[in-house]
Amino acid sequence: MSLLLKNVRLETGYQFENEEVIRTNTELMDILMEDGVFKKIEKQIEPSENVTVLDAKGRLLLPSLKDMHIHLDKTYYSGPWKAPTIAKKGIWTRIEEEQQLLPKQLPVMVDRAQAIIELLISNGHTHIRTHCNVDPLIGTKHVELVLELLENYRDKITYELVAFPQHGLLHSQVEQQLQQALQMGATHIGGLDPATVDQDINRSLETMVRLAHEADKGIDIHLHDGGTLGEYEIHRLMDYLEHYQFKNEVTISHAFALADISTASLEKLMERMKKHQINIATTVPFGQNRPTIPVFHLTNSGIGVAVGHDSLTDHWSPFGSGDTVDKLKILAERFYCSDERRLGQCWKFGSGNITPLNEQGLQQWPKIGDEANAVLVEAVCSAQVIARNRPIEYVLFRGNVTFEKQ
């Protein structure tokens, strides 16, 4: 199928005044998409036969979004309102709750997961990384059901699935179930606070890395432990990556320790993380007693950072929206990115590190041959989209319209 976008706005460069970026320059172009990629980008393209034409009417084209941390398999979203209880015993409260909650939610799990997928697509996402519980209560049932559901959306999204031992890899004794989940099609294996939950840092981390190595899969570990404890866990993780000569993708979700260790310790840790190409996924927490990791210091040091929502509303938190543009706005506010250039560059945290312009203002997207995943927004530039949370009106996946705002 071929799709021709007429009158679409593209960012072409920055306008400078006194060496400061004061405006983003744009041009109206026509774009032809064929076989899932950008085929032509010209001022005027005449439509041929069997080409669908969409008049963008001056809307801005931006790279589509990726949610790199969501839990599709346990949510209240689309169901009756229910606020979380107070976690009097911290994470142990939530683990105890799940022993009662997950079996009760199983009959509605797929419908609620589907509702989140539909929401994420309408909010401009063409890729989802979801964590799915693997625990003694439901075994690999969540993995099985969510994989089946995601396959139904393969013409609208790509996806990754993390087999996640929410109740602790060692604590819940799920090594065999995790191996089964990886054989079923999970792309990553997860882990959870090896000191706090598993209470055996070395055996927990070694088991996780060994299973990923044997199955040739990636790793995405939830690491909430802060301070020098979290720092030590990250170093031990990298020790085991080196022991197994691990080459696949590694992501640390949350990584709160990066927010509260000394500068010297952070620099040493980041240098080693860069060597192992470790990525970070964050929900951009902010406020009292909610440490925010140094996002821009990490990216400036060559460490990839991506945003995710974690949950929309569940027994952990009632606050998620599934709106990554809003998440990017929170990030920009948190780090005082109020100028044109830094605002626009924040888009990379939601798009897999793709922005129309690089830091110097050179156009780098879209290019002929790039996969045609994009959104159309009523805005003059990406900085405005983030600062004013402009709504996404069309979503394109591999050159096909997957969502149109009514």
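Asn18 sits in the loop between β1 and β2 (20-34). Helices here are DSSP runs of H or I with at least four residues and strands are runs of E with at least two, numbered from the N terminus. The phi of Asn18 is near 55°, a positive value in a residue other than glycine. Most residues other than glycine have a negative phi, and most peptide bonds are trans. Trp365 to Pro366 is a cis peptide bond, with omega near -5°, and Pro366 belongs to the loop between α10 and β14 (374-377).

A word on the model itself: it is predicted, with local features needing pLDDT of at least 70 and side-chain atom pairs counting only at pLDDT 80 or more, while totals for chains, interfaces and linings use all residues. Residues are numbered from 1 along each chain as its sequence is written, and side-chain values use heavy atoms, with hydrogens and water left out.

Now to the helix pairs. Axes are lines fitted to C-alpha atoms, for helices over the stretch in contact, and angles run from 0 to 180 degrees between N-to-C directions.

| Helix pair | Angle | Axis distance |
|---|---|---|
| α1 (91-122) and α2 (141-151) | about 25° | 10 Å |
| α3 (175-184) and α4 (201-215) | about 30° | 11 Å |
| α5 (227-243) and α6 (263-275) | roughly 25° | within 11 Å |

The crossing of α1 and α2 is right-handed, meaning that the near helix is turned clockwise from the far one by less than a right angle, with anticlockwise giving left-handed. On the α1 side the contact (heavy atoms within 4.5 Å) includes Leu102, Leu106 and Met109, and on the α2 side it includes Leu145, Val146 and Leu149. The residues of this contact divide into 10 nonpolar, 2 polar and 1 charged. In this scheme Ala, Val, Leu, Ile, Met, Phe, Trp, Tyr, Cys and Pro count as nonpolar, Asp, Glu, Lys and Arg as charged, and the others, Gly among them, as polar.

Helices α3 and α4 are also roughly parallel to each other, and their crossing is right-handed. Glu175, Leu178, Gln179 and Leu182 of α3 meet Thr207, Arg210, Leu211, Glu214 and Ala215 of α4, giving 4 nonpolar, 2 polar and 3 charged residues.

The crossing of α5 and α6 is left-handed. Among the contact residues are Glu231, Asp239 and Glu242 of α5 and Arg272 and Lys275 of α6; by class, the contact has 4 nonpolar, 2 polar and 5 charged residues.

On a 1 Å grid over the protein atoms alone, a cavity is a set of points where a 1.4 Å probe fits but cannot get out, a pocket is an open set with protein on both sides within 12 Å along at least five of seven lines, and lining residues have an atom within 4 Å of a point. Points are joined across faces, edges and corners, and a volume is the space filled by probe spheres set on them.

The second largest pocket has a volume of about 690 Å³. Of its 35 lining residues, Lys348, Ser351, Gly352, Asn353 and Ile354 are the closest to its centre. The lining has 11 nonpolar, 16 polar and 8 charged residues.

The whole structure holds 1 cavity of 30 Å³ or more. Glu11, Tyr14, Gly344, Gln345, Thr355, Pro356, Leu357 and Ser382 line the largest cavity, with β1 (2-17) and α9 (340-345) each supplying at least two of the lining residues.

Definitions and conventions
Parallel < 35°, antiparallel > 145°, perpendicular 65-115°, else oblique.
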